[in-house]
Amino acid sequence: MKTLARRKPHLLLLLLLATMALVTSPAWSLTQGSPATFGPVFEDQPVGLLFPEESTEEQVTLACRARASPPATYRWKMNGTEMKLEPGSRHQLVGGNLVIMNPTKAQDAGVYQCLASNPVGTVVSREAILRFGFLQEFSKEERDPVKTHEGWGVMLPCNPPAHYPEHGGSQNKVHRFPPACEGPTQIAPEPCNPWFPQTTRVLGLSYRWLLNEFPNFIPTDGRHFVSQTTGNLYIARTNASDLGNYSCLATSHMDFSTKSVFSKFAQLNLAAEDPRLFAPSIKARFPAETYALAGQQVTLECFAFGNPVPRIKWRKVDGSLSPQWATAEPTLQIPSVSFEDEGTYECEAENAKGRDTVQGRIIVQAQPEWLKVISDTEADIGSNLRWGCAAAGKPRPTVRWLRNGEPLASQNRVEVSAGDLRFSKLSLEDSGMYQCVAENKHGTIYASAELAVQALAPDFRQNPVRRLIPAARGGEIVIPCQPRAAPKAVVLWSKGTEILVNSSRVTVTPDGTLIIRNISRSDEGKYTCFAENFMGKANSTGILSVRDATKITLAPSSADINLGDNLTLQCHASHDPTMDLTFTWTLDDFPIDFDKPGGHYRRASVKETVGDMTILNAQLRHGGKYTCMAQTVVDSASKEATVLVRGPPGPPGGVVVRDIGDTTVQLSWSRGFDNHSPIAKYTLQARSLPAGKWKQVRTNPANIEGNAETAQVLGLTPWMDYEFRVLASNILGTGEPSGPSSRIRTKEAAPSVAPSGLSGGGGAPGELIVNWTPMSREYQNGDGFGYLLSFRRQGSTGWQTARVPGADAQYFVYSNDSVQPYTPFEVKIRSYNRRGEGPESLTALVYSAEEEPRVAPTKVWAKGVSSSEMNVTWEPVQQDTNGILLGYEIRYWKAGDKEAAADRVRTAGLDSSARVTGLHPNTKYHVTVRAYNRAGTGPASPPANATTMKPPPRRPPGNISWTFSSSSLSIKWDAVVPFQNESAVTGYKMLYQNDLHPTPTLHLTGKNWIEIPVPEDIGHALVQIRTTGPGGDGIPAEVHIVRNGGTSMMVEDAAVCPAPQPSAILSHSAAMLILIGYLEL
């Protein structure tokens, strides 16, 4: 057929008009890919600015950039009026950006919007507010001094200078809404709305205080507080360190700069201290109502005077505080407030004298936020269209519409109703850029979209009918016909030259799709789809080819397996040999991925007609309905099988705790899945909070059968927080535990365990100190916990008692002047809570505080034994009843010095002699001895005197020479003659070490030579020679001796003469010196 319908007489005229309209309409290109044209889409929009009036910047730039094809052109509005951007004026257009040269508040403060346009349409940017900020200097007038009593609280006012914006405090400070700002955002040079849209940052002042000089800033602690609302400095309780001169530092934060100004210093004077204690009085209060925008940081301030310094606590009266909030004194900070945070908050200031409270409400509102937006849309000419957008906010936003930047109201075929926009019988002139605008008093948001109305003749180039259409015999084929056309085309189908009409086997759907059922060989042939609208017509042809049907020849069989088993499901099929056959498997209609790493599924055969599948290590999740599908490009066949996997039970559900006692609770639960194997028993577990581990608990009945759904838990700790869970078991194992129950706390009971670690001793005279180990939370059994101490003198009959409140208490001090030193007391302890007292501990013996020894040692004798040492002996004192003697303290000082300058040394035990070292040579010392115990030292003995020896000669032996014989070594040196201030030389010590025996040997001689036997095979030796006498040993001379190399050599001081391979000998020099010192004793 050449035509499917008679063309109306005026069709040519309509076609001509439509073609002319298409030249200027934003219709999309017929080529594959992106549209030929599209309207402006903002990539950068202006942001509100706070410009410092004193800034040295010479220009302000408001950004605007849009993506568009053809490229966009730009215009700007100020306060709703289009600006004239002429060359040479202060306002310049750079790209799409607006540049304002030498901005001034009088001429440039206001609300700005950018308009981007191209042939498709126009869009309007969000509003940006340009404001001008300033911070003046503080008044030059001297500030009056502030006077108060030490111990009282005081407030020093900041009185900040004039500034803009007027919002005090940090960037996110919140304020009350002024009534004048109700309603939509106003267009004015200085907007009344204190919130400003989200495109404007709200900035203000921050405050700090200086004491005396820069940069000595007042610290933020519990005693000082600087309000970021008023700038005032509060001191809860003054002390002497607060005296001084104070200056308030105010800092303004603006977009281009930060400015700080200082106030004149104000002097704080303190009168005489008032030692009285005062109850808290809150001086810095947050307002009764605080309004905040969702997402803002909210800070409430609360600070009180008092003595002692009050402690600030916060709570939410109608809810609970989030653990993420900063509740540090004296502020409550909510980082990102939400509607859930709305409510009444209370600040409590408390000290030992009382408390004070203040309450206020946080009311949360929100800027508009899109819930539903419009998107770019192509629509056929003559069709209907409904667009909708919705926004949330508080107050509820109003919605209006713009078309190409101009307000859109209901007219003719267009209906505007809040967030709904309806078009009837779209025309080409409806194409353009549309914007949905949602606004409340906190801000305005824009959503943009392009509407492209199309008028197109049918075109199959993008979506032709398939050229070759294979189909299975006996099956069904669906052939879509989807030309591109606007308006929608009328569709007819033909087979060869025969027009197809609907029948029992053939259906042409309303959208033009052809469906043929129960296909046979006679259905093969050419099929053509004809499409026509008032713009034109087109057709597309495909060839139908009939193939043999696919059939399942061996279907999978259902199976019953245990957890961890392997299983192979068979699936074979036949198909048309001219086509490829593939197998796919699904579990409960979800495709199985055989290539998943670590998966449990494997293909069991590579044959084309065999699709067997193996399940490896089957898990509970692998049970279900398996479907094998054999598939060609023309048809498919499938069969199902059910696999049942048996395993341990699933987790029980709904764990509920009731009948809560002090050591028992009743648990109930609901049965979980038995996973195809009957539940045999249940196990109950509990954990104590906050960090306990799960442990099995005793129950009644002891063995909980599988049909039970309740049991009693035994053996719990009173007054303890618990969670419980339940595990089910069957013959195949124990399953996953239930979720934890809600947290419960067992009832209180009297303590059941006695405190441990009872000991004591020490302290001041007349005191008995008793220590014990504090009892942990799990043994307290209730609130109001403390300790009850009983004590008596050993041998007496009556007990004294003392009550020590607090679980953390760990000692008690009994003070009584009648308590004698080091008196034994019998002590026992028990704990208590508000439910009663616990058992007593075993009795321990604790001694009262000791006193210093009363008796001094006698028969003290001291004698110098060298130039730096003396020996001291004494007659020991007897143990007395004041305490346990620990040892003796020797005090010694030079003759002519005062005893207060004496050096001290203590013995570690009850020895009756000691050697004192580190003394000066040839010096007279006075010596006393005292006994000491843990309380201190006793009286001093009568002093004894001792004089140290003169020091030994400071010169070592010199001119050392040696001679080897076959079996001996003879060494000579010059005798050392002491000076008058040196002690006599009574002999010499020689330390000898050879390379065969690393242990040194000491030799003594009264002459200036010595001969010692040596083996013949000795080749090297190390020798040290020094003087000895009553003043001690002198400085050594050290020489390295080599056989067959004996020559005389002078050795000055402690010179060491190195020789080849000396390390084995020299490494023992220190040991030689130690040995000499030891042998001297």
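How many nonpolar, polar and charged residues are in the lining of the second largest cavity? The tour ends there. This is a predicted model, where local features need pLDDT of at least 70, side-chain atom pairs count only at pLDDT 80 or more, and totals for chains, interfaces and linings use all residues. Residues are numbered from 1 along each chain as its sequence is written, and side-chain values use heavy atoms, with hydrogens and water left out.

**Stop 1: the disulfides**

Select the cysteines. A disulfide is a pair of cysteine sulfur atoms within 2.5 Å. Searching the whole structure gives six disulfides. Count the bonded cysteines along the chain, and the pattern reads 1-2, 3-4, 5-6, 7-8, 9-10, 11-12.

Go to Cys389 and Cys436. Their sulfur atoms are 1.7 Å apart. The torsion about this S-S bond is about 45°, so the disulfide is right-handed. Cys389 sits in the loop between β30 (385-388) and β31 (390-394), and Cys436 in strand β36 (residues 432-440), so the pair ties together parts 47 residues apart in sequence. Strands (E, at least two residues) are DSSP runs, numbered from the N terminus. Cys389 and Cys436 are both buried. Buried means under 20% relative accessible area, exposed over 50%, and partly exposed in between, with a 1.4 Å probe and protein chains only.

Next, select Cys481 and Cys529. Here the sulfur atoms are 1.8 Å apart. The torsion about the S-S bond is about -70°, so this disulfide is left-handed. Cys481 is in the loop between β40 (477-479) and β41 (484-486), while Cys529 is in strand β46 (residues 525-533), 48 residues apart. Cys481 has a relative accessible area of 2%, so Cys481 is buried. For Cys529 the value is 0%, so Cys529 is buried too.

Now move to Cys571 and Cys628, joined by a disulfide with S to S 1.9 Å. At -85° about the S-S bond, this link is left-handed. Cys571 lies in the loop between β50 (567-569) and β51 (572-574), and Cys628 in strand β56 (residues 624-631), so the pair ties together parts 57 residues apart in sequence. Both Cys571 and Cys628 are buried.

**Stop 2: a sheet**

Select β39, β47, β46, β42 and β43. In that order they make an open sheet of five strands with mixed pairing. Two strands pair if DSSP finds at least two bridges between them. Strands of a sheet pair through backbone hydrogen bonds, either parallel or antiparallel.

Which strands are at the edge? They are β39 (468-472) and β43 (498-499), each pairing on one side only. β39 pairs with strand β47 (residues 536-547) in the parallel sense over five bridges. Pick Ala472: its bridge partner in β47 is Arg547.

**Stop 3: two cores**

A nonpolar core is a set of buried Ala, Val, Leu, Ile, Met, Phe, Trp, Tyr and Cys residues joined through side-chain atoms within 4.5 Å. The largest one has 24 residues. Select Phe42, Tyr74 and Trp76, which are among those with the most contacts inside this core. Elements giving two or more residues to this core include β5 (73-78) and β9 (110-118). Apart from it lies another core of 23 residues, including Trp585 and Tyr626.

**Stop 4: a cavity**

On a 1 Å grid over the protein atoms alone, a cavity is a set of points where a 1.4 Å probe fits but cannot get out; lining residues have an atom within 4 Å of a point. The second largest cavity is lined by residues including Asp221, Phe303 and Glu329. Its lining has six nonpolar, one polar and two charged residues.

Definitions and conventions:
Helices (H or I, at least four residues) and strands (E, at least two) are DSSP runs, numbered from the N terminus. On a 1 Å grid over the protein atoms alone, a cavity is a set of points where a 1.4 Å probe fits but cannot get out, and a pocket is an open set with protein on both sides within 12 Å along at least five of seven lines; lining residues have an atom within 4 Å of a point. Ala, Val, Leu, Ile, Met, Phe, Trp, Tyr, Cys and Pro count as nonpolar, Asp, Glu, Lys and Arg as charged, and the others, Gly among them, as polar.
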